[in-house]
Amino acid sequence: MLDAFSAQLPVEIAFGDGVVASLPDVLIRFGVKRPFVVMEEPVAQLDPVVAALAGRPECGRFTKAAGEPTFVQFEACVEALRASGADGIVAIGGGSAIDLARGTRAVVGHDSTCADVLAGRVPPVAPHVPLVAVPTTSGTGADLTGAFVIRTADGRKRAFGHPLLRCQATLVDPLLTLGLPRAPTLHGGVDAAAHCIAACMVTNRSPLSIAIGCEGLRHAAAGLATTVRDGSDLDARRQMSLASLCGGLAINLADCSAEHALAHGLAGLHHLPHGLAVGLMLAECLETNRPARVEELERIADALGHPAGGAGDGRRGIEAVRALLASVAFPVCDAVGVTDDGLQRVVEITLSDYCITTNPVPWGAAEVEDAFRRAISLAGR
Ligand SMILES: NC(=O)c1ccc[n+]([C@@H]2O[C@H](COP(=O)([O-])OP(=O)(O)OC[C@H]3O[C@@H](n4cnc5c(N)ncnc54)[C@H](O)[C@@H]3O)[C@@H](O)[C@H]2O)c1
Ligand SMILES: [Fe+2]
């Protein structure tokens, strides 16, 4: 018997070389005459971005500092958006710029603060202006999700998500990613693959999330190693932009699992990029979940192009993920300074994270600690 499921994905998507040039038309279609732009400096200098923005001149801009959004950054962006009188927002950049724009829009026009939204003190309401995203990294899928993440003063990462907070449109243009440096290419690429995998594994997976997750994995397998080795390879960039898009869609149709719960704690405590923390824990979390998701792991192995065979017990899926990580020489914990210092804190944060609630099987402290210890004991990939 097939289980019941439901899905709602209202984001308008355009994918392909040069689609950023359609930004002025998209804004006109959504009735935006005075756009407010959120982006970081390296992205503001990209020629296609400059050209696209010239087609619908901005009424305000927030130049985001590098790194994960903080409350201070949110407050500054909220103030700038309020003062601008904008009737729409354009977020151009990686997950952090899109998150900043999304969180800012969630409070402006509603007389609340980011802290109120994060703490659930105000009910989510329909945003007052449209948001259009132009992702320039290939990884987070933040242009498809309704979530935003904040780094708090105590180093924790806090997230809030609601379907009402999704963008109205995303323009996924692989040409914009050609100059993305190696580290965000590697971390984001593995994050995208992890989203595709999680969407096959979680309790709220569905035939749709599995289909899109497996399609995303096919593209990640085709593009990841090449983009990491040679970021100027356009075809590999296209593959990774599509993997990221599929991953974002897939986790909108489902959710993430233990690898993300563990990564959120780790990234906060050790100041690691999101995708790096996810990749450090990915295979070990799959090992713990394997007995509950044998069929899905076999499909993951097929999607990643792993040779057929094996005992049909799902181990092939984990081997395929380990091979993907090895193909890009993904670091192990020791190489990035992650040890068992602060383990109890990581366990505590992991168990309070939303993503642990959709893990294939319930995890307690013992499972978190076991997966973490196996990850930190790795000497290489
Ligand atoms: N909202 C969500 O659903 C969601 C999901 C996962 C992660 N996140 C968040 O996303 C963030 C990570 O996003 P990310 O991996 O995209 O990295 P990022 O946004 O931090 O960007 C990485 C760096 O690359 C630069 N950059 C981006 N595009 C470039 C380009 N084309 N050329 C040159 N430089 C470029 C940026 O200026 C930045 O310094 C984290 O803050 C994480 O918490 C959000
Ligand atoms: Fe992620």
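**Grounds for the descriptions**

Reply: The protein chain holds 15 helices and 8 strands. The model is a predicted one.

Me: Into which domains is the protein chain divided, and what is the contact made of?

Reply: Domain 1 covers 12–177 and domain 2 covers 182–376. The contact takes 19 residues from domain 1 and 28 residues from domain 2; a residue pair counts here if the C-beta atoms lie within 7 Å. On the side of domain 1 that touches domain 2 there are 6 nonpolar, 9 polar and 4 charged residues. The centres of the two domains, taken over C-alpha atoms, are separated by 25 Å.

Me: Why is ligand 1 said to lie between domain 1 and domain 2?

Reply: Both domain 1 and domain 2 give residues to the shell around ligand 1, so ligand 1 lies between them.

Me: Which residues come nearest to ligand 1, and which elements give two or more residues to the shell?

Reply: There are 28 residues around ligand 1, and G94, G95, S96, T137 and T145 come nearest. Two or more residues each come from helix 2 (41–44), helix 5 (95–107), strand 6 (147–151), helix 7 (182–201) and helix 11 (274–289). Helix 5 gives the largest share, 4 residues. By class, the shell has 11 nonpolar, 14 polar and 3 charged residues.

Me: Why are strand 1 and strand 3 placed at the edges of the sheet?

Reply: The open sheet has 6 strands in the order 1-8-5-4-2-3, with parallel pairing. Strand 1 (12–15) and strand 3 (60–64) each have a single partner strand, so one side of each is left without a neighbour in the sheet. On average, neighbouring strands of this sheet are turned by 15° against each other, direction ignored.

Me: How do you know that strand 1 and strand 8 pair?

Reply: Pairing needs at least two bridges, and 4 bridges join strand 1 to strand 8 (residues 169–172). One of the contributors is I13, whose bridge partner in strand 8 is T170. Helix 9 (residues 234–253) lies across strand 1, strand 5 (131–135) and strand 8, and runs at about 165° to strand 1.

Me: What makes strand 6 and strand 7 a pair, and in which sense do they run?

Reply: Strand 6 and strand 7 (residues 157–161) share 5 bridges and are antiparallel, where at least two bridges are required. V149 has A159 of strand 7 as its bridge partner. Their hairpin has 5 residues between the strands, and G155 takes a positive phi near 85° there.

Notes
Residues numbered from 1 in each chain as written. Chains lettered and ligands numbered in written order. Predicted model: local features only at pLDDT ≥ 70, side-chain atom pairs only at ≥ 80, totals over all residues. Near = placed C-beta within 6 Å. Nonpolar A, V, L, I, M, F, W, Y, C, P; charged D, E, K, R; others polar. Domains from an automatic or database assignment. Contact = placed C-beta atoms within 7 Å. Axes fitted to C-alpha atoms, helices over the stretch in contact; angles between N-to-C directions.
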